[in-house]
2 protein chains.
Amino acid sequence: MVSTQHSPFARKLGAFAALSGEEFSALDRLHGRRKRFTAGRDMVHQGEVNHSAYILASGWVCSYKLLSGGTRQIVDFQIPGDFLGLRSVLFRTADHNIEPVTNVEASEVLVGDLLDTFSKTPRLATAVLWAASRDEAMVVEHLVGIGRRDAKERTAHFLLELSARLKLVGLGTALGYSCPLSQYMMADALGLSAVHVNRVLRELREDGLLTFQHGKVTIHDLDRLVLLADFDKSYLDHDGPLLK
Amino acid sequence: MVSTQHSPFARKLGAFAALSGEEFSALDRLHGRRKRFTAGRDMVHQGEVNHSAYILASGWVCSYKLLSGGTRQIVDFQIPGDFLGLRSVLFRTADHNIEPVTNVEASEVLVGDLLDTFSKTPRLATAVLWAASRDEAMVVEHLVGIGRRDAKERTAHFLLELSARLKLVGLGTALGYSCPLSQYMMADALGLSAVHVNRVLRELREDGLLTFQHGKVTIHDLDRLVLLADFDKSYLDHDGPLLK
DNA sequence: ACAACAGACTGAGCCAGATCAGCATGCGCG
DNA sequence: CGCGCATGCTGATCTGGCTCAGTCTGTTGT
């Protein structure tokens, strides 16, 4: 049911609910105009009104908030198949910035179309809400990590979560994945300094847990890593669709 | 339009959208069985399946996650008018615990009723989604605070946010409010130790910014506090309904 | 009326992670 | 080619917030 000819978005939803061919094509019709964005140039910035929502087709982006002190906190990364800026469309005005980490392709989603699709194919509504809930659960998990995990646990957890998400859309395996993030970005996401991220990555490597070098994450010892990070695989990791 | 005879929930939504009398009564019909819970005894715990969603009528509760190390991170507090456990109902199984901070009254909400009400009164759907988005925005703001604000800023921000939320449901003014949280709970929410929360509160008091003693928060210098906390009032604070 | 307990509060010492400073590498570009 | 710049990496030093250990106060229960 989950086949490679569909978009990463359809592929991800297919992991939540077993979708029919008709539902898959309704999903693909959702994708509106395809747009490209260049790495580093903000797609949406704080306070902007009436911006669009997107589904990410290729590349990575990050959502972040700026603080008055000049620092920033990255709230979440989005990978292919993820929704972009859905919440702030509801609010009419964006409460955070969205910056492409790499060059990016995304298709615009008109909120009207989305609601339309929902009323015609209610199972899709459930699947999309499910995906949205998962995203929120990830933000919560991120919050917990920053509040109560030390730098090493936090970094391990972060990289494990990415691994699980990428696997879901076919961009990685249990052994590793390619990751375009700089240590500066990781620092802004993890609430650490870039210097310290560097040290922590070295420690993880020296411990034989994982290596992150030259844009590639390689997992050496999944079990010990899961233990260290107190990682709950259940909310990301499953083999068949949850909803038959 | 926002009058005191309605529930805190209706009152809160009334601040988002100007609602008609009929819409207000549809809201009040949403409230199902009224239940009571005692302070400190979990209403919902991690992993529980098919629990209910509630609208909080009186009292405070907190949502938290437990870590393997025995520590916990409080993700959010809910005050009267707030939804409880809406996201985890979608997931079927709760991903966090919910504990009443005080004795609590809450009315059960059946997801079916909710969706029913939505199709009959679409403006209510918008208002409820808006409220849900605001809650998510607060979690994001919480994340930013823990990641990039120091203890004093974080504490100030937290107490300001509570102030704005309580004002919205008529439980506080710009000058202060009563707050049943212990310093231990604040610590678990702010990612600090209780000892340090105590010191920070003393500092805020000595600086003439605010006092939190004997269950009462009193704000002495709102402007300096907003400046210190880098608090964005716009996303919580408004005078009339945003949607006429 | 006293014990038992929870919560507020304080001081001393310690450590994880920040900051500062500097070096090494690789890459785009005039 | 050589310059500028971004990113990775490392050591030295400083500090915010933690831990431990304890006192004081107010409340609950018997």
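**Reading the labels in a predicted model**

Reader: Which element gives the largest share of the surface near DNA strand D?

Author: In this predicted model, α8(A) gives the largest share of the surface near DNA strand D, with 4 residues.

Reader: What makes a residue count as near the strand, and which come nearest?

Author: The C-beta atom has to lie within 6 Å of the strand. Around DNA strand D there are 14 such residues, and A:Gln183, B:Asp150, B:Ala151, B:Leu192 and B:His196 come nearest. Two or more residues each are given by α7 (183–190) and α8 (194–206) of chain A and by α8 (194–206) of chain B. By class, the surface near DNA strand D has 6 nonpolar, 6 polar and 2 charged residues.

Reader: Why are α1(A) and α5(A) called roughly perpendicular?

Author: The axes of α1 (residues 8–16) and α5 (residues 122–148) of chain A cross at roughly 95° and come within 9 Å. Angles from 65 to 115 degrees count as roughly perpendicular, and the two helices are therefore given that label. From α1(A), the contact uses A:Lys12, A:Leu13 and A:Phe16; from α5(A), it uses A:Ala127, A:Val128, A:Trp130 and A:Ala131.

Reader: What makes up that contact of α1(A) with α5(A), by class?

Author: The contact has 6 nonpolar residues, no polar ones and 1 charged. Lys counts as charged, so A:Lys12 of α1(A) is the charged one.

Reader: How do you know that helix α1 of chain B is mostly covered?

Author: A residue is buried if 20 or more other C-beta atoms lie within 10 Å of its own. In α1 (residues 8–16) of chain B, 9 of 9 residues are buried. Among them are B:Arg11 and B:Lys12, as well as B:Phe9 and B:Leu13. The buried residues of α1(B) pack against α2 (21–30), β2 (53–58), α5 and α6 (151–168) of chain B.

Reader: Which residues have the most contacts inside the largest nonpolar core?

Author: That core has 140 residues, and A:Leu13, A:Val61, B:Leu13 and B:Val61 have the most contacts inside it. Leaving out residues up to four places away in sequence, A:Val61 touches, among others, A:Met43, A:Leu56, A:Leu84, A:Ile98 and A:Val104. In soluble globular proteins, nonpolar side chains tend to be buried together.

Reader: What makes a residue of chain B part of the side that touches chain A?

Author: Its C-beta atom must lie within 7 Å of one in the other chain. On that basis 26 residues of chain B are in contact with 26 of chain A. The largest share on the chain B side, 13 residues, comes from α5(B). By class, that side has 13 nonpolar, 7 polar and 6 charged residues.

Key: Residues are numbered from 1 along each chain as its sequence is written. Chains are lettered from A and ligands numbered from 1 in the order in which they are written. This is a predicted model: local features need pLDDT of at least 70, side-chain atom pairs count only at pLDDT 80 or more; totals for chains, interfaces and linings use all residues. Axes are lines fitted to C-alpha atoms, for helices over the stretch in contact, and angles run from 0 to 180 degrees between N-to-C directions. Angles under 35 degrees count as roughly parallel, over 145 as roughly antiparallel, 65 to 115 as roughly perpendicular and the rest as oblique. Two residues are in contact if their C-beta atoms, placed from the backbone, lie within 7 Å. A nonpolar core is a set of buried Ala, Val, Leu, Ile, Met, Phe, Trp, Tyr and Cys residues joined through C-beta atoms within 7 Å. A residue is buried if 20 or more other C-beta atoms lie within 10 Å of its own, exposed if 12 or fewer, and partly exposed in between; C-beta atoms are placed from the backbone.
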